[in-house]
Amino acid sequence: MSSALSNTVSSVKKRLNPAVVCSISFLLNLVAYYPGFLTSDSLDQYQQTLTRPYKNWHPPAFTLLWQLLNNIYEGPFLLLFMQLALLWGSGYLLMKTVQHRAWRIAIFVFSLAPFVQNFAGCVVKDSQMALTWLFSFAVLFRAYITGKHLPVAGACITFILLSYGTFVRINALPGAIPLYFFWAWVVFGRAKKVFSITAFMLLCLVGTIGNKVLEKIIIVENNHPQNKLFLHDLAGIFVRTGDNVYPQLSYSESSFDTSYLRQHYRAATYDNIFWNKDSKMKWNYPDSTYAAELQKAWGAAVKKHPGAYLSHRFESFLYFLKIKTGPEKYYSAFFWIHENPYGFELKRNFLWYVFVYPVLAQGIMFYMKPWFWLLLCIVLLTRTSAIHNRKLQTPYIVLLTSALLYILPQFFISQTDTEFRYVYWSCIACALAAIIYLFRSRLQQITAV
């Protein structure tokens, strides 16, 4: 009887441990990060929830969700609650997937890792994207590894979260494509290839046009965010070749100054010119006519000077990866609230210091730099053959290709090198793939059953 009781208690502990650990961690995280950390981008989107109209400098999906949640409780807290629930919900699902102590410890350490915690409490679109994708992957991974059918509710929730995560960042779609494939594969399976392919194509279509449709439905003011990219590239080509590749319409603005451009251009960032305090280049938010002329000039300049364009882009990418460094401060973490007129302020408590200081102390480490995650992603992809079970290869490749497809396009679109959050998803996906690789033997036993 005693032995039976002991076995029962042990069995209950095994079942409860992940739930207890993740629930406690979630609550501690929530208290430490209350009411949620806010960047200037976060506050810009919050202002839009109050004043309207929405603007497409930031995709409006996040702003719309925030406005809806403001009807329940105004401010960032509910979004913080959502993000941390997604993080620790993912941890719980991943822990429950494999009944192995070392695996559970690895997932717990992953959830508390400095490169996960550094933006988990920051209410910003990058965190929203990464954590909704992480939770969706955890749900799909559990169903896939255990061989259990994913319920309709699970399929719908993951579909919504994947789509929302894709909508909140302009450049999210490439990273979403492997996740879309995994969703279709798990939901419909090999036995229904036609349905899988159809679902995959439908998800890609939703990801491609979803934001445009949303902008039409809720009426969004066009801020032409792509102009900053075009201006950055034109500056790089102009400085390298001496050829004035700017459209003639630029000269209609008296503050346009090519000498200023030449003196202040840096491949690392365009922010110092775009938001300069010298009253120069104040045609940052032009109308649609100028935006069309600028895009035309950009296309002509790239075609005329492809070498200069690629040289500029390559140097910019080196800064983005932090292989080269500039004078700007690099934010490997964000644990404060930007100055604001809304009364949002951070009241540091004991748990804030417990969670925050270890992360800040590791800010200079190699794993807080984008280049490390790009390199690790490539190395892990070359080791795919070491995972002998083909079924296990699928989620492993999905994570790594998603991480790679999210970070590599930055070669063409990066305009600043100041924030880790731009690779937050790639870091999370790559780290999780590394855990799968380390525990491949155990996972291969499960998938072989």
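Trainee: What is the relative accessible area of Trp298?

Mentor: Start with the scale: buried means under 20% relative accessible area, exposed means over 50%, and partly exposed lies in between (1.4 Å probe, protein chains only). Trp298 counts as partly exposed because its relative accessible area is 22%.

Trainee: What kind of model are we looking at?

Mentor: Residues are numbered from 1 along each chain as its sequence is written, and side-chain values use heavy atoms, leaving out hydrogens and water. Local features need pLDDT of at least 70 and side-chain atom pairs count only at pLDDT 80 or more, while totals for chains, interfaces and linings use all residues; this is a predicted model.

Trainee: What is the angle between the planes of Phe372 and Trp373?

Mentor: Both residues are under cover: Phe372 counts as buried at 19% relative accessibility, and Trp373 is buried at 4%. Their aromatic pair is edge-to-face, with 5.0 Å from centre to centre. The angle between the planes is 80°.

Trainee: Which residue lies over the face of Tyr144?

Mentor: Tyr144 belongs to an aromatic cluster together with Trp103, Phe137, Phe141, Phe182 and Phe439. A charge sits over a ring if NZ of Lys or CZ of Arg is within 6 Å of the ring centre and within 35 degrees of the ring normal. Arg440 does this for Tyr437, at 4.1 Å from the ring centre. Over Tyr144, at 5.2 Å from its ring centre, lies Lys391.

Trainee: Which side chain makes a polar contact with that of Thr63?

Mentor: Thr63 is found in helix H3 (residues 60-70) and is buried, because its relative accessibility is 0%. Leaving out neighbours within four places in sequence, its contacts (heavy atoms within 4.5 Å) include Gln48, Thr49 and Tyr54. A polar contact is a pair of N or O atoms within 3.5 Å; within protein, one must be able to donate a hydrogen and the other to accept it, and residues adjacent in sequence count only if both atoms are side-chain atoms. At 2.8 Å, the side-chain partner of Thr63 is Gln45.

Trainee: How many of the eleven residues of H3 are buried?

Mentor: The buried set includes Phe62, Trp66 and Leu69. H3 is mostly covered, and its buried residues number eight.

Trainee: Which residue meets Asp233 in a salt bridge?

Mentor: A salt bridge is a side-chain nitrogen of Lys or Arg within 4 Å of a carboxyl oxygen of Asp or Glu, and the count comes to twelve. Asp233 counts as buried because its relative accessibility is 0%. At 2.8 Å, N to O, the side chain it meets is that of Arg313.

Trainee: How far apart are the closest N and O atoms of Glu315 and Arg240?

Mentor: Glu315 is partly exposed at 23% relative accessibility, and Arg240 is partly exposed at 29%. These two form a salt bridge, with the closest N and O atoms apart by 2.5 Å.

Trainee: Which residues touch the most other members of the largest nonpolar core?

Mentor: A nonpolar core is a set of buried Ala, Val, Leu, Ile, Met, Phe, Trp, Tyr and Cys residues joined through side-chain atoms within 4.5 Å. Trp425 is in contact with residues including Met129, Trp133 and Leu399. Among the 126 residues of the largest core, those touching the most other members are Phe115 and Trp425.

Notes: Helix = DSSP H or I, 4+ residues; strand = E, 2+ residues; numbered from the N terminus. Contact = heavy atoms within 4.5 Å. Phe/Tyr/Trp six-rings, centres within 6.5 Å; stacked < 30°, edge-to-face > 60°.
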